[in-house]
Amino acid sequence: MTRGSWLVAGAIGLALAAGPVQAQETLRIGFVTFLSGPAAGPFGVPARNAAELMVEALNAGQVPAPYDRPGIAGAKIEMTVIDEAGGAQAQVAEYRKLAEQVDVVIGYISSGDCKAIAPVAEEMQRLTVFFDCGTPQIFEEVVTEPKYLFRTSTHSTIESIAAARYILDLIPGLKTIAGLNQNYAWGQDSWRDFSRSILALRPDVQVVAELFPQLFAGQYGSEISALLAAGADVVHSSFWGGDLEAFILQAAPRGLFQTSRVILPSGETTVWRLAGQLPDGTVIGARGPNGPFAPDNELNRWFRSAYHERYGEWPVYSAYHMARAILGTKAAFEKAAGNGGGLPSTDAVIAAFENLVFDSPSGEIRMALGRGHQAVAPIPYGVYRYDAASGQPTFEDVRYYAPECVAPPPDMKGIDWIGAGFPGAKC
Amino acid sequence: MTTTIAIVLDGLLYAAWLFLVAVGLTLVYGVMRILNVAHGSLYALGAYVAAWAVQLWFANRLPAAAGLLLLPLAALLVGVVAGTAIERGVLRFTYGRHELVLLLVTYALFLILEDLVKLVFGVDPCFAYQPYGLLGVVRIGRLPYSLYDLVLIGLAVVVGLSVWLWLEKTRSGRLLLAVIHDREMAMAMGIDVGRLFTVTFAAGATLAALGGALAAPRISVVPGIGVEVIVLAFAVVATGGLGSVPGAMIGSLVVGLVRAVAVHLLPQVELFVIYAVMAAVLAVRPQGLFARAEVRRI
């Protein structure tokens, strides 16, 4: 027999073994998240866990409605996971390989990686969903006419505007603010958007200290002294992971959290780990209605308990972001497929994904910005209280800021919207 | 006034932390001519073992004050076990090779140890925060300082003095100085350089681990902490002069104080100022502040 006929015979054999043709169809999804390096513990591994949980549950048809149909559009999901560590250049090379092997790529926590991947995704014409990275530049500057690229998480400008509004609602008599942010894109953007939003809403507020220590510095003694000396009403820090935990451990005994009200917009991942070490009264954000701020709906109840049962810890926001991205992808595929069998074409999926409104453990997500490629969602903040009796974190004064209030209009860059004084905002 | 006190104290604290790491690095280089990149991994290993021991200690509600002693003990354990293992198991086969080869070997060790730490301790952060709050807080001027930090400054001084006394006043220290000064001549005089190398490397490893163990209560012990510290320690050692213990001390002080001045008075330059100092020193004295210029033997 020739090689070709062997292949045909093999294929027939496989088809016979696998049974009905429809069940044999698979959708290959490549996941990219940090499995090593400083971002693995706080974000990367929880996101990988969420991906594993969701893929298995979806394949088994265990996810509650409207996602109770097994798989995605009838196809079984096959997952590949890749480590995001190694820097943007390495990730572009990895992406090019991955995009050849899978139907959809869901990934990226680092804004630097997202900025590098975005144009390549369009060039490779591979459906790609950014699930977590926060830079507003993706659809505002890097890829202004996206086709293949989507982002199901909100971006940092939206989250920072909500943070500013929350602080002014919480402390109407605010006079001074100070910032402690890592010296790279995320830290600089977060502080710029937060401080400018505060100043746009209340021009009389003064900025008394702006500190930008090196990423992963770990030692913040001098910064804490400077913040204590500045004595601002509010200290803003977009620190995350080990840096945030080190800052809290060093600042709390020295009383910074009593001198100033501290707001940590991405502090939610730390809440579970530090528990009693995090002082009461700290303002915490979770980059959207994730974790403790997620709505009490069927999907969320299922997700929390399934995740907790499987991994022995509660899902943090990166896990919610991952679940959201997978469910958004499923919703888009199934909307495109309609009631017919078989996987829809990529173009049909893209048409369905644009401006899609879908349910997730974080509630309703709308793909409203970036020509229908960028998600918006309500942004909550709350005040942390440690409940010593139960050993659980609790939140008071939780407020949700609707997208109409904190997301820029589709035709405007976030920073311009802040500068113009938020025209058209409905709060 | 408050700012001045804050700059001095913050600078001293940062310098103390830097010195604990840098002194081991410079000692190993001085004696063995090895620029040990794996020094950062030993720092991380010290932090991890200390965090693990402290967690265990406090989870079992053992006497809190004694928990403080776990930190140096963890460092000693890491230094002696890992230090000796690395020197006897790997490095001794590379002696006599070019310094660059040794640099690559320690870089390989660094990569292996990073993965080993991940394998053993996972990627989730470890905490050892209990000792940090144990000693309480004192007010200096208007600013509250954690007493633990002030003790750390004192400890760095003690370590510095001990190393200096060891080198200057004890027999084994003087032998070491002889080796630093001229290895060939020292060997010709009958000094057992092999044994000195083992001792030196274990001592250097212990100092790195001590830096990590003492930092552990104030940080989140996560993968990657070794990388950050080794880069800074190199900057300090290069500024002070490779192989010079007083150089490591002055280098740490200069870097610590300059950084504190920047944070308090001109925060925009914080990131850059450490390397600016290093560049300025090296432009004037390429061998660093305290190292003597050497005639290169070809």
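Domain bounds here come from an automatic or database domain assignment. The model is predicted: local features need pLDDT of at least 70 and side-chain atom pairs count only at pLDDT 80 or more, while totals for chains, interfaces and linings use all residues. Residues are numbered from 1 along each chain as its sequence is written, and chains are lettered from A, with ligands numbered from 1, in the order in which they are written.

**Exercise 1.** Find the two domains of chain A and say how far apart their C-alpha centres lie.

*Solution.* Start with the bounds: domain 1 covers 22-156 + 294-376, and domain 2 covers 157-289 + 379-419.

**Exercise 2.** Describe the side of domain 1 of chain A that touches domain 2 of chain A.

*Solution.* First, the contacts (C-beta atoms, placed from the backbone, within 7 Å): 27 residues of domain 1 touch 26 of domain 2. Next, look for elements (DSSP runs numbered from the N terminus: helices are H or I, at least four residues, and strands are E, at least two). Helix 3 (40-59), helix 5 (111-124) and strand 12 (363-369) each give two or more residues. Strand 12 gives the most, with 4 residues.

**Exercise 3.** Now do the contact between chain A and chain B.

*Solution.* Chain A puts in 34 residues and chain B 35. On the chain A side, helix 3, strand 7 (206-211), helix 9 (221-230) and helix 10 (241-251) give two or more residues. Helix 9 of chain A has the largest share, 7 residues.

How values were computed:
Two residues are in contact if their C-beta atoms, placed from the backbone, lie within 7 Å.
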